[in-house]
Amino acid sequence: MSATLDQIFVLLQHWLVSFLPAVLQPFVSVLLGVVVIIGLFPALFAFAVWMERKGLGRIQNRLGPNRVGPFGLLQPIADGIKSLTKEDIVPLSADVVVHFLAPLVLVVAVFMGFAVLPMGRNMVLVDMDAGLLFYFAMGASTELSIFMAGWSSRNKYSLLGAMRAVAQMISYEVPLLMSSVAVVMIAGTLSLTKIVAAQNSYSGVFPHWYIFTPWGLAGFLMYVVSSMAETNRSPFDLPEGESELVAGYFTEYSGFKFALFFLGEYLAMFSISGLGTVLFLGGWSAPFSFLTWVPSWIWFFSKLMMSISVFIWIRGTLPRLRQDQLMNFAWKFVLPMTLLNLFVAALWRFLGEGWERWVICSVILLLAYVVLGRTGMREGKFGPRRYRYAE
Amino acid sequence: MLGEGILKGLWETAKNFTGSYVSADRLTTVEYPEQRIAPIEATRDFPFLVFDEENRDGGDPVWEAGLRCVACQICEKECPPKCIYIERSKDKKLDYLGKAQYYPARFDIDISVCMSCQICVEVCPFDAIKMDTEFELSTTDRFGGLLLDREQLAKPNEYYHKIHPAEAAGVDAHLAEEKVKADAKAKAAAEAKLAAEAKAAADAAAKATGEGA
Amino acid sequence: MTDSYRVGALANDKNKLEGWNRPPVIEPDGEGELLEVAMGPHHPSTHGVFRMDIALDGERVIRLKPVFGYLHRNHEKIGEANSYLASMPYTDRLDYICSLTNNWAYALAVEKLAGQAVPERAEYLRVILGELTRVQNHASSIGFLIQEMGASGTPLMYAYREREKILDLFEAITGSRMMCNYMRFGGCRVDATPAWLDAARKVVAGLPGFVDEVDRLLSSNEILMARTQGVGILRPELAINAGVTGPMLRASGVDYDIRKVDHYSIYDRFNFRVPLGDHWDVYDRFMVRMLEMRESIKILEQALREIPGGPIMDPKAKIRGFRPKPGEAYGRIEAPKGELGFYLISDGGPNPYRYRVRPPSLINLTVLEDMALGENVADVVLIFGSVDIVLGEVDR
Amino acid sequence: MTPLVGYLLVAALLFAIGLAGALTRRNAILVLIGIELMLNAANLNLIAFWRYGPHPELLTGMMFAIFSIAVAAAEAAVGLGLVISIHRHAHTTDLDAMNRMKG
Amino acid sequence: MSFVFYILAALTLAGALAAVLLKNTVHCALALTVAFAGLAFLFLQLDAQFAGFAQVLVYIGAVAILVVFAILLTRGSETPKDGVYSRNWLAGLVIAAGVFAALGWAVLQSVPGLPHETAAPQVSVLQIGNALMTRYVLPLEIVAVLLTLALIGAVIVAMHQKVEAQ
């Protein structure tokens, strides 16, 4: 029974496809998967927006939306209807074609990334051998759409925001890749399904997820930081820092195109969280061996939502960095740490089983963290202060 | 160490997140149209004119006769944004002390200008103008709708007792005291005019019963 | 003036002042063009209606011209046309975050002019309400400062949560939450009931927890430290010469608190300290406000413990027909934002001959360009936020 | 499948377009774009020959293409760096105007 | 499946033509990315997955962005007054046409000798990795050094003036 439940979507797909002639079958089964992804993730987007508004509200001791539908659950739909019915304003001097294409390119590029994410056992659209490479190739294409949006709007704020966004995304793509490469090195494959399979074993009740190794934890933390920057989330949301740049690259967008940007941003967050789940958190595998009867896709999506909540939590807590600090942080802290992490992962592999590798790897990483952190604070000339009082 | 402060901050927000579900101290939101906070004694919004309700026409008190305002125009003069417009009446009528006084033929307050400062209340020597707690005064007519005239402003003393019980009790005691003084004066004067005295006594009895109730 | 008047001492010290020059106007490096940005009045970062015309070289600020006056409402002229009492509610609207201290400063000036005494209980009430005002002003100013840094308003919401409780107290005693119009010449308008005092004690008892909470949330946050430390430095010499007062001045390391200097009201009876900054930057301004909140809570605790009974109004005080003798007076207090002073000249009539406000917000704002030159454009917003202004007071 | 000749013709045309761009445009950046196109045409040839060659499992053509992509990235970085540097110096990216060796 | 090939070829060539012909430099850069994307798809058609993804990652993700940045930094998006084509554009066009004629002739001449269709090779990433680490390790190292040098060189070239100014 639990196996059926686990594979219910796969079986459903097979059943649906079996009605068709054999020639069409592979084509239609891919199409089905695409339709499901295009349907599912925007729905998840609506839910995440609700969750974010509610969660931020509670973090700030507010109620959050609670008027439309039970617990305000229908609020995103109301917002969607509103943005659909709003006037679509294009600035007079804008480059109309590029202005129109930018949100589409963004959403398409982001959707492509989902193709290789395994969302459950046997639940992946295309099981590509170079899946991770494909994912990053698609991620790199989103930068261009952001540039298109900023440049075509003919607005200082938009252009500045776009330049910032692109510079930031390029800078953080490097550590993002580097922290993933450590996993690739250990798993020995670029295929995301195989990476999950490599983590899907247990010693006792505990799983062999990569996050439960020193290099995996460090890599995961670096991955989280870089992914927040990559998706322009707080505290790295400078490209749309409203106190400086109004709304960044989509200042001049309105109505449905604005909604598309919003959607693209959240989808990027989902896909990057999904990738993080796959790389470090064991993808669709259960957190304890006695829980393996729970369908795999439940695990994947609950991990995804967990990481979204962490994104929201961090957004509710931290102020944002400045551009130069952001760049310094990427190049002087995150990148060296990921490079070192790569080295540590290799060491981990060569040291073989045993407790020594735990100690050695943890010590190296901790030391590097402390030293780099201290240097960063000294270079940035900041730190806690003591205050004196007048006599 | 780097990240320490951030972790502390995250802990703090997590505490607030859960706290907003469990402690009313943290979640202070009042969802206005459904939930309301009862207005407290000191609340002030816009002024209204108090009238005494002893003159009853059937069941309803007649506001015009009972208005305490004597159109002295002090409030009009003192009002900081000058939002009170008073026209004094040509004739006089008797007030509760039995003195013949003018009354306002026109008394308008433009509440789109009024800044709820309460100075008109403080300067009024007759306790005729008081602060209301009513704040839901929005209207679609932004000129006429926000210019309140005598009839809209007049509210019975009962109402005043309802919204500011302690303050109203003090005012009534003060008025009663003045009334007693005035009565004593009137009695002395009444020796001369017996007919007038009888009338005043009847008035006082009516007043006393009205006050007692 | 006592010897604690350090400003004067420093200003008279020629050697210290000769070394000081206005920071040189920064020259662009000649590469590329300057980018002229008008921040505000419709820019999302500005408090109220304020415009900064900024010339940028890359992201560096080369020139900054503050443009204000969008909210000018003729406050001083209205004050000269109205009676003394009728100006009181108008002072609420200067710095609409802390109307009670505005009331206090104006009442102080008129009392000096008319030579009125204030009963002790009224002084205590004034101190309690003034310090409550200071706490809520500093809390929301910190919240706004962090809001400028993009913290989704979380600290601001916490500040407003506490402010709500303080405003409830204000409403319970004055009848209004923000436009209190509470103080009168020679005392206060209404007395505090014992129930109110108990409620105030309860609120004050909760305040240290709130300050601790904000402290844990922000003070050691690395991002906040990195953003604010070393940014927007205001040298003490410049601060003194520009007439900057309040937490801004103390964050520049100058020991000048009118509560200590002028000995006005009954502040001599309370035990509190004046925190000073050593680095003169935005972080110092933030922390000085933070520490001042703690000191204010200390004053509140003492005042609520010691408050005596008695009348709250000078029995000789007149509400109607108030005509002070001809003369002039300057009453000033340490408002949350700095020295708030009212200068009044009476010609014996029912309204002042001259009515002048010394608004701390405006005078603190004059050093904005000096603090912002050469800084990153993203920091301008922060520096502006750290000045803590209310446009109602700047433009009057 | 498409025969090899199709790919070769596309590559030749792409090369010619790139060459034409590099030779006819004034803007230095567009000249670089033309060169990129030519490089890509070469890559297409390499991959096509690898695919249709006798020993695709040796990966020679593919490796060549991958290395070529890497080198092209380096070329673009340095080339554009040069253009920016020249622009700083001469305040133009017009190649016709850059006719002096002295700044 | 040659239908797909024609579409992709047309896309690539149209992108390339637009990149060369358009007036606005930023449009040129965007058209260039279309050409790059078309090429990446052509690589996929040729069963070279890895090369195709590398093409997208490097060309669209990096080179196109670099070009765009360079255009903005040099104010290249403003169309110059005196035309976008060089003075001797005719000569350039003739040379390009000549080169194409020669290449096309050569290709068409050798059609009979061209190798025939073969089965799609199954190349896994693992194989590519192994090849990079064994047979092609020397070129890999050289490319690594070259990339590092290019990085440093580009930074120095672009930073030149700034260093002087300080």
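How many residues does the contact take from chain E and from chain D? The contact, meaning heavy atoms within 4.5 Å, takes 82 residues from chain E and 65 residues from chain D. The model is predicted, so local features need pLDDT of at least 70 and side-chain atom pairs count only at pLDDT 80 or more, while totals for chains, interfaces and linings use all residues. Residues are numbered from 1 along each chain as its sequence is written, chains are lettered from A and ligands numbered from 1 in the order in which they are written, and side-chain values use heavy atoms, with hydrogens and water left out.

Between chain E and chain D, about 6800 Å² is buried, and carbon and sulfur atoms give 76% of that area. Buried area here is the accessible area (1.4 Å probe) that two parts lose on being put together, summed over both. Val20(E), Leu46(E) and Thr74(E) supply 9% of the area that chain E buries against chain D, more than any other three residues.

Asp47(E) and Arg51(D) meet through their side chains in a salt bridge, at 2.8 Å from N to O. Helices (DSSP runs of H or I, at least four residues, numbered from the N terminus) that give two or more residues to the side of chain E touching chain D include H1 (2–21), H2 (25–45) and H3 (49–73) of chain E. H3(E) gives the most to that side, with 12 residues.

Within chain A, an automatic or database domain assignment gives domain 1 (10–16 + 26–85) and domain 2 (92–321). Their centres, taken over C-alpha atoms, are separated by 17 Å. The contact takes 20 residues from domain 1 of chain A and 25 residues from domain 2 of chain A. Together the two domains bury about 2000 Å² between them, 86% of it on carbon and sulfur atoms. On the domain 1 side, Phe41(A), Phe45(A) and Glu52(A) lose the most area to domain 2 of chain A, together 30% of what that side buries.

Glu52(A) also forms a salt bridge with Arg315(A), with the closest N and O atoms 2.6 Å apart. Helix H3 (25–59) and helix H4 (75–85) of chain A each supply at least two residues of the side of domain 1 that touches domain 2. H3(A) gives the most to that side, with 17 residues.

Key:
A salt bridge is a side-chain nitrogen of Lys or Arg within 4 Å of a carboxyl oxygen of Asp or Glu.
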